[in-house]
Amino acid sequence: MADVEATLVEAFRHRLFELMHKHSDLVDAIDEEEAHRLGRQAAEAAVAPVLWRQQVGDVWDTETVREFLGISRQALYKRVRSGSVIGLPGRGTTLFPVWQFDLAAQRVRPAVADVVEAFRAQLDDVESHLVASWARTDQPELGMTPEEWLVSGKEPDRVVAVARHAARDLAA
């Protein structure tokens, strides 16, 4: 852990030094309070992708999902737009939480579209990260996460009902 932290700090310092050297007027344009705020924001931005990756769990990239489902890239993105599959923006690709796929049947779990629709019906602008994160969060009504519920083969209608309840709470 200490090595990773030291590497992050050193890489940040190195890049900051390069930028400050290239843009020498930055030092005069930033006061101490703004520097503190910007430093905190930079730290949060540096670890945000890792935190999201931990929260949403295992993911597949576009090519893996396209091959798994046997569909074109265009057909896959049509499914993302319609809400029948959850796609998360990544660097140069879209990432797809693995739990939404029924590996034995080689398909998207039908409940995924219903869960996404439950959130879309209550919230004007639903981020895919919200649904993916919700699915990996313990839900008291289920006694486990929606991901665990669906992967274990339990009745998917219960997860959809819990999603509707969660979406209503978020909309309130």
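**Close-up views of a predicted model**

**View 1. Salt bridges of the model.** Glu63, Arg66 and Arg73 are joined in a network of salt bridges, a salt bridge being a side-chain nitrogen of Lys or Arg within 4 Å of a carboxyl oxygen of Asp or Glu. By this rule the count comes to six salt bridges. The model is predicted, so that local features need pLDDT of at least 70 and side-chain atom pairs count only at pLDDT 80 or more, while totals for chains, interfaces and linings use all residues. Residues are numbered from 1 along each chain as its sequence is written, and side-chain values use heavy atoms, with hydrogens and water left out.

View 2. The side chains of Arg15 and Glu18 meet in a salt bridge with an N to O distance of 3.0 Å. Both residues lie in helix α1, three residues apart, about one turn of the helix; helices (H or I, at least four residues) and strands (E, at least two) are DSSP runs, numbered from the N terminus. Arg15 is partly exposed at a relative accessible area of 46%, and Glu18 is partly exposed at 33%. Here buried means under 20% relative accessible area, exposed over 50%, and partly exposed in between (1.4 Å probe, protein chains only).

View 3. Arg107 and Asp102 form a side-chain salt bridge at 4.0 Å, N to O. Arg107 counts as partly exposed at 39% relative accessibility, whereas Asp102 counts as buried at 18%. The side chains of Arg136 and Glu147 meet in a salt bridge at 3.1 Å, N to O. Because Arg136 lies in the loop between α7 (128–135) and α8 (146–151) and Glu147 in helix α8, this pair ties together parts that are eleven residues apart in sequence. Arg136 is partly exposed at 29% relative accessibility, and Glu147 is buried at 18%.

**View 4. The open sheet.** Three strands form an open sheet in the order β1-β3-β2, with antiparallel pairing. The edge strands are β1 and β2, each of which pairs on one side only; two strands pair if DSSP finds at least two bridges between them. Strands β1 (residues 59–61) and β3 (residues 94–97) are paired over three bridges, and Trp60 stands opposite Phe96 in β3. Strand β2 (residues 88–89) pairs with β3 over two bridges: Leu88 has Leu95 as its bridge partner, and Pro89 stands opposite Thr94. A hairpin is formed by β2 and β3 with four residues between them, and Gly92 in the turn has a positive phi of about 75°.

**View 5. Backbone at Gln106.** Gln106 has a positive phi of about 50° although it is not a glycine. Most residues other than glycine have a negative phi. Gln106 lies in the loop between β4 (101–102) and β5 (107–108) and is partly exposed at 48% relative accessibility.

**View 6. A nonpolar surface patch.** Val4, Leu8, Val47 and Leu51 form a nonpolar patch on the surface, with about 340 Å² of accessible area together. Patches are made of residues with over 30% relative accessible area and no salt bridge, with like charges joined within 9 Å and nonpolar side chains (Val, Leu, Ile, Met, Phe, Trp, Tyr) within 5 Å. Accessible areas come from the Shrake-Rupley method with a 1.4 Å probe; for residues, only the protein chains shown count as cover. Helices α1 (2–22) and α3 (32–56) each supply at least two residues of the nonpolar patch. Leu8, in helix α1, is partly exposed at a relative accessible area of 44%.
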